[in-house]
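Hi,

Here is the structure I promised to send over.

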Amino acid sequence: MALQRLAKEYPICDECIGRMFPEVEGENNRERGRKVREILGLRETEGCAFCRGIFQRLDEIVERFDPNLYEFRTFVLGTRLDKELVKMEELLWERLGVVEGVETLKKNINRELGKRIAERYGKLHDPVNPDMEIVFVTETERFEYHPKPLYLYGRYRKHAPMPQSKWPCRYCKGSGCERCDYTGRQWRETVEYYIADVLLGLTMGKGTRLHAAGREDIDARMLGNGRPFVIEVIEPRKRYIDLEEAVREINNHGGGKVEVLCLRPSSKREARELKEAKFEKVYVAHVRCRGGITEEELEELKELEGVIISQRTPERIAHRRSDRVRRRRVKRLSWRVTGTHTFDLVIEAEHGLYIREFVSGDGGRTRPSVSEVLGKPCFVELLDVVEVRGGEECGG
Ligand SMILES: [Zn+2]
Ligand SMILES: [Zn+2]
């Protein structure tokens, strides 16, 4: 028999024999292998040419795994085979023939090592949503650790002018230089920095990525129910952090400028969905009109309700976007005089309406507009987003 001839040339372990005989009855490869060995009267060998003795040293190998490097509860394990083991597996398959149900060496190692890591360290194997990807490298018989990013969902408010995302210094690209006062930051304050500073402290992660449902202008405030976001923490050393404490710390750090309304575990999928979401928004534009404005005059604004506004690409962004006409409906308008020349305009509109241009008219590029209807030039001094309609609300 082929196996007897092979066993004369190479040492082979029970696991590797059993793997090649899936039709033999037995609980596992090791048992099947022992049975076949006994039937054929083959001697047991020291080591094995086909797994380099890995299956005989599993307990010892598992001790090299460091469960404290990264916090995790669930994992998936993969094996990177070196060339020699790949060659030996080909030889094994060639000499013994492959029948249905024969497992690959890789799969065999994954299962046996995975089982031991789970038992030895009290972890759960979860191929669908693991906290960590562990790679066993056969060449060194060591482990690689690839913690999955941590995703957290929340909603933020912003009360001071600043960009949303991190903004590294353009000279040093974030490493820190004289020009940025060694902060690595072009903008010292962004919403992401305020959230990330705290989360990186708590998780000891490598960095963050902010995925939000749209963004407001740098000088616009984000109020009301807050803007939904998912923040991704890259390579967190700790991931089961106290999220309520994290919210408190962020809001403390935010000093009234940035606020997070809640945090809960999230996923890569939710991050992607949020980024693509087109949520309706409610704005409050703080408007100033040349020549003053009265309550009676503002009544004219009624005719803009329910109207579709045509907007050529605004002058201010025409240099980076092609000139097109965008049509968006203004659903509802309400207003309140706040001074002799100023009023607040509450605007509910379809996703994508350029609010500043809707007010100013943008030199005739947006029609109809608030300025046109009122018959006097008006412009937005400050624009606030007061509601984002979409995404999970924070604790009611
Ligand atoms: Zn073996
Ligand atoms: Zn710099």
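The four donor atoms around the zinc ion (ligand 1) subtend angles of 104 to 113°, so the arrangement is tetrahedral (four donors, all angles between 85 and 135 degrees). Those donors (N, O and S atoms within 2.8 Å of the metal, or 3.2 Å for Na, K and Ca; water is not among the atoms, so sites may look incomplete) are the SG atoms of Cys13, Cys16, Cys48 and Cys51, at 2.2 to 2.3 Å. Their spacing in sequence is C-x2-C-x31-C-x2-C. Cys16 and Cys48 are both buried, meaning under 20% relative accessible area with a 1.4 Å probe, protein chains only.

Before you read on: this is a predicted model, where local features need pLDDT of at least 70 and side-chain atom pairs 80 or more, while totals for chains, interfaces and linings use all residues. Residues are numbered from 1 along each chain as written, chains are lettered from A and ligands numbered from 1 in written order, and side-chain values use heavy atoms, without hydrogens or water.

Now the rings. Searching the whole structure gives nine aromatic pairs (Phe, Tyr or Trp rings, the six-membered one for Trp, with centres within 6.5 Å; planes under 30 degrees apart are stacked, over 60 edge-to-face, the rest tilted). One of them is Phe72 with Phe75, edge-to-face at 6.3 Å between centres and 85° between planes. Both of these Phe residues are buried. They also belong to one aromatic cluster with Phe65, Tyr121, Phe136, Phe143 and Tyr145. Lys123 lies over the face of Phe72, 4.5 Å from the ring centre (NZ of Lys or CZ of Arg within 6 Å of the centre and within 35 degrees of the ring normal).

Cheers

Note on methods:
Four donors count as tetrahedral if all angles lie between 85 and 135 degrees; four count as square planar and six as octahedral if opposite donors are over 155 degrees apart and all others between 65 and 115; anything else is irregular. Buried means under 20% relative accessible area, exposed over 50%, partly exposed in between (1.4 Å probe, protein chains only).
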